[in-house]
Amino acid sequence: MHDPADQPTNQASAADTAPVGAEEALAAQAANEADEQNALVNELAALKASNADLADQFLRAKAEAENARRRAEDEVSKARKFAVESFAESLLAVADSLEAGLAIADATREQLREGSEATLKQLKSALERHKVLEINPGPTQKFDPHQHQAISMVPAEQEANTVVSVLQKGYLIADRVLRPALVTVAAPK
């Protein structure tokens, strides 16, 4: 015997297979289009909100960058001001020593020399504290066009293109030439 439950059911509901009328098809299509339009409107609203949020973030970042730039400019300005202030302050002791030396009316030659040497030592110390270093090449040192300026070439009993004498010391400030040393250079033989 066959159980009717074992038989495949080929019967679909009447609503599934019933032909859909043109009005129902149009209504279904309109409903689908309305759903799609609602989805697009919702997506547009979300994109507009996201755009507004990104625009706000951009404006905030731009304002923050402008504030950082202004702060950096202020700090650079203050650094320059205080660097000059610090340098000037270190030279005040030198000025004080010179004035004190000049205030002695009946100073001996030895006292003047001793005072001048002490004042020069103070000045050199102040310059070194601010990274102003001497360029004072020794005799027979190789001529360096980056740090020396040759005033003349002279015949000498040493290798060509070496320093014979220094006419004026040069100075570096933080590894940059402030003033080259004026030197005479040995001429080729």
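Begin by selecting Ala174, which sits in the loop joining strand 4 (170-173) to strand 5 (176-179). The model is a predicted one. Although Ala174 is not a glycine, its phi is positive, about 50°. By way of background, most residues other than glycine have a negative phi. Is Ala174 buried or exposed? Ala174 is exposed, and its relative accessible area is 52%; the cut-off for that class is over 50%.

**The whole chain**

Now display the entire protein as a cartoon. It contains 3 helices and 6 strands. Followed from the N terminus, the order of these elements is α-α-α-β-β-β-β-β-β. Of the 189 residues in the protein, 12% are buried. Among contacts in the protein with a separation of 6 or more, 60% are accounted for by residues 24 or more positions apart.

Asn161 is a residue other than glycine with a positive phi, near 65°. Its relative accessibility is 37%, so Asn161 counts as partly exposed.

From there, select Leu167, which belongs to strand 3 (residues 163-168). Leu167 is exposed, with a relative accessible area of 53%. Which residues does Leu167 touch, if those up to four places away in sequence are not counted? They are Ile151, Leu182, Val183 and Thr184. A distance may also be drawn from Leu167 to Ala181: the two are 14 residues apart in sequence, and their C-alpha atoms are 7.6 Å apart in space.

**Helix 3**

Select residues 109-129, which form helix 3. This helix has 21 residues and spans 30 Å from its first C-alpha to its last, close to the 30 Å expected at 1.5 Å a residue. Colour Thr119, Ala126 and Leu127, the buried residues of helix 3. Viewed down the axis of helix 3, these buried residues fall within an arc of 95°, so they line one face of the helix. Their cover includes helix 2 and strand 1 (132-135).

Turn the view to the face of helix 3 directed away from its buried side. The exposed residues carried there are Glu110, Arg113, Glu114, Lys121, Glu128 and Arg129. Just after helix 3, select Lys131, where phi is positive at about 60°.

**The largest pocket**

The last stop concerns empty space. Rolling a probe the size of a water molecule over the atoms shows where such space is left. In this model, the largest pocket holds about 240 Å³ of space. To show its lining, select Ser97, Leu98, Gly101, Leu102, Ile104, Ala107, Gln111, Leu112, Gly115, Ser116, Ala118 and Thr119.

Which helices each supply at least two residues of the lining? They are helix 2 (22-103) and helix 3 (109-129). Helix 3 gives the most to the lining of the largest pocket, with 6 residues. Colouring the lining by residue class shows 6 nonpolar residues, 6 polar residues and no charged ones.

Definitions and conventions
Residues numbered from 1 in each chain as written. Predicted model: local features only at pLDDT ≥ 70, side-chain atom pairs only at ≥ 80, totals over all residues. Heavy atoms only, no water. 1 Å grid on protein atoms, 1.4 Å probe; cavity = no way out; pocket = protein on both sides within 12 Å on 5 of 7 lines; lining within 4 Å. Points joined across faces, edges and corners; volume = space filled by probe spheres on them. Helix = DSSP H or I, 4+ residues; strand = E, 2+ residues; numbered from the N terminus. Nonpolar A, V, L, I, M, F, W, Y, C, P; charged D, E, K, R; others polar. Expected span 1.5 Å × (residues − 1). Buried < 20%, exposed > 50% of the residue type's maximum accessible area, 1.4 Å probe, protein only. Arc of directions from axis to C-beta. Contact = heavy atoms within 4.5 Å.
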